[in-house]
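Subject: Structure for you to look at

Dear colleague,

I am passing on the structure we spoke about, with some notes to read beside it. Please open it first and keep it in view while you go through them.

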Amino acid sequence: MHETIYDLIIIGGGVVGISILRAATLQGYHCALIEKEAHLFYHASGSNSGIACTGVDAAPGTLERTLIRDANSMFRPYCKELNVPTRPCGSLVCLWPWDDVKENHLDHVLDESHEAGDTHASRLSSSQVRHLEPNLASHCRGAVHIPGEIVVDPWLYSVSLAAHARENGARIFTNFTFDPNASHLEDNIWNVFEVKPSDGSMPKRLRGRAIANAAGLWSDIIQKKTHGPTTSIHLTKRSWSAKPRRGQYRIYAPSMQSLITHPIQPIPTQRTKGIFVFSTIYNQIVVGPTALDQESRTDRSIDPIIAKELDIHVKRLIPDLDVSNLVGEYVGVRPGTDKRDYQIHLYPEERWIAVAGIRSTGLTASLGIGNYVVRNLRAILDTPAKDRIVKTTPLPHLSTLVKDFHNRNGYVEINGFKYKVTHPLTVFGWRAKEGIAGLSSKL
């Protein structure tokens with residue numbers, strides 16, 4: 001029996017890995033993706049904020065800022081074509097009396113917004129902020145309005161990439177843990193093995209002409225351990241180390257007196273964007289994320305002390321919010337590294353590209369990252385023989401998905417494939433049938 005040889009095998013089923021799978025597939029490459037969990041978007045991509053930002057806090061001249069800017073030009077048309085629900089409301093970077101910064105810091109935010117490509121960003125007085133957000137605390141000292149930022153359903157956006165890739169011939173294998181010790185390059189073909197199953201069965205094997213390491217928090221481990229049976233594989237010429245950073249969130253049911261439209265952001269620092277307060281497209285109020293470095297790559301336990309601090313923080317910004325109406329809470333672990341910028345490196349001799357250090361902007365930059373990786377891979381992959389006729393089926397109507405979610409115990413079916421809804425913001429919104437989930441379910 002003829003064994004399939006893929007052009008590209010991607011390690012990691014988060015939004016970054018899936019975006020690479022889609023971009024390469026649409027260019028005509030025959031691609032597969034492996035994910036160690038039973039479901040896609042289980043780790044960082046299943047616990048982000050669901051806000052597509054403009055990269056105002058990304059350092060000038062970095063690859064991160066460049067790819068965010070590239071992605072921003074594609075994000076709205078993509079979501080419209082694939083029927084991904086969004087709220088293109090822009091955000092408010094606010095200055096508060098308790099902030100230990102001067103008012104001219106808002107001018108710096110404005111300059112950075114223009115540099116990042118959002119040329120319509122503008123300064124607002126405290127009265128203008130109050131007019132835009134009447135339920136916000138009145139003692140805001142002013143803000144910068146960044147109109148390019150978009151609230152999105154983070155899970156639907158991510159799964160739309162997977163559905164589009166699959167519709168055009170991509171393969172996705174879940175429950176497939178990459179074995180860095182057994183996997184090896186032989187005659188310019190990678191033999192990719194899974195870790196030996198505990199039931200004693202034979203490990204599955206895939207074969208491919210190139211590999212993209214998009215394993216998030218585990219990318220550095222895979223990079224260091226993959227060497228094959230010889231010493232000819234050198235994937236540590238440009239190295240980094242994971243620095244997991246946990247972000248805790250709380251979600252509340254709103255009232256008419258506590259609804260807000262724009263994400264409310266603090267003035268960002270080099271270390272963090274700070275704690276946001278925003279409403280999801282399902283009109284639930286969210287506060288988070290915090291930013292605490294930790295050793296564990298998997299600890300997503302709720303810290304009750306932090307939870308109380310988040311309650312206090314959100315009440316300070318939205319005084320009429322009843323924090324006892326808690327819908328839920330969650331923790332995400334962001335895939336940071338010891339480097340400030342993205343770590344996307346091509347290893348031509350090893351037929352390998354590393355895609356790491358994406359931090360908290362994976363959803364935002366995903367379309368740009370996917371295209372950038374494919375451009376780099378052209379150095380080691382032959383151009384596809386002919387242009388692919390791209391098929392595009394929009395996601396089912398939201399009312400259909402919400403109904404499916406309730407009838408299938410947390411799963412939905414898209415283009416014949418079954419997906420588990422893994423993101424808390426989607427789960428909580430669809431459970432409560434709030435916002436557009438409530439409107440659509442009544443159609």
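The buried residues of helix α1 run from one end of the helix to the other, and they are Val15, Val16, Gly17, Ile18, Ser19, Ile20, Leu21, Arg22, Ala23, Ala24, Thr25 and Leu26. Because 12 of the 12 residues of α1 are buried, the helix is largely enclosed by the rest of the structure. Please bear in mind throughout that this is a predicted model. The length of α1 can be checked against expectation: at 1.5 Å a residue, the 12 residues (15–26) should span 16 Å, and the end C-alpha atoms are 16 Å apart, which agrees. After α1 comes Gly28, which has a positive phi, near 105°.

Which residues cover each side of β6? Ser91, Val93 and Leu95 are on one side, with Leu92 and Cys94 on the other, and all of them are buried.

β6 also has two pairing partners to look at. With strand β8 (residues 142–146) β6 pairs in the antiparallel sense over five bridges, and there Val93 stands opposite Val144. With strand β16 (residues 264–265) β6 pairs in the parallel sense over two bridges, and in that pairing Leu92 stands opposite Ile264.

Elsewhere, four strands make up an open sheet with mixed pairing, in the order β1-β13-β12-β11. Its edge strands are β1 (5–6) and β11, each of which pairs on one side only. β1 meets strand β13 (residues 205–208) in the parallel sense over two bridges, and Ile5 stands opposite Arg207 of β13.

Turning to the aromatic rings, a search of the whole structure finds eight aromatic pairs. One of them is formed by Tyr78 and Tyr157, whose rings are edge-to-face, 5.8 Å centre to centre and with 80° between the planes. This pair links distant parts of the chain, since Tyr78 lies in helix α2 (residues 63–82) and Tyr157 in helix α5 (residues 154–167), 79 residues apart. Both Tyr78 and Tyr157 are buried.

Another edge-to-face pair is that of Phe178 and Trp352, at 6.4 Å centre to centre with 65° between the planes. Here too distant parts of the chain are linked: Phe178 is in the loop between β10 (171–173) and β11 (184–186), while Trp352 is in strand β22 (residues 352–356), 174 residues apart. Phe178 is buried, as is Trp352. Returning to the tyrosines, ring pairs join Tyr78 and Tyr157 with Phe75 into a cluster.

Finally, two charged side chains are placed over rings. How far is the charged end of Lys36 from the centre of the ring of Trp218? The charged end of Lys36 sits over that ring, 3.5 Å from its centre. Arg166, for its part, lies over the face of Phe417, at 4.0 Å from the ring centre.

With best wishes

How values were computed: Residues numbered from 1 in each chain as written. Predicted model: local features only at pLDDT ≥ 70, side-chain atom pairs only at ≥ 80, totals over all residues. Heavy atoms only, no water. Phe/Tyr/Trp six-rings, centres within 6.5 Å; stacked < 30°, edge-to-face > 60°. Buried < 20%, exposed > 50% of the residue type's maximum accessible area, 1.4 Å probe, protein only. Lys NZ or Arg CZ within 6 Å of the ring centre and 35° of its normal. Pairing = 2+ DSSP bridges. Expected span 1.5 Å × (residues − 1).
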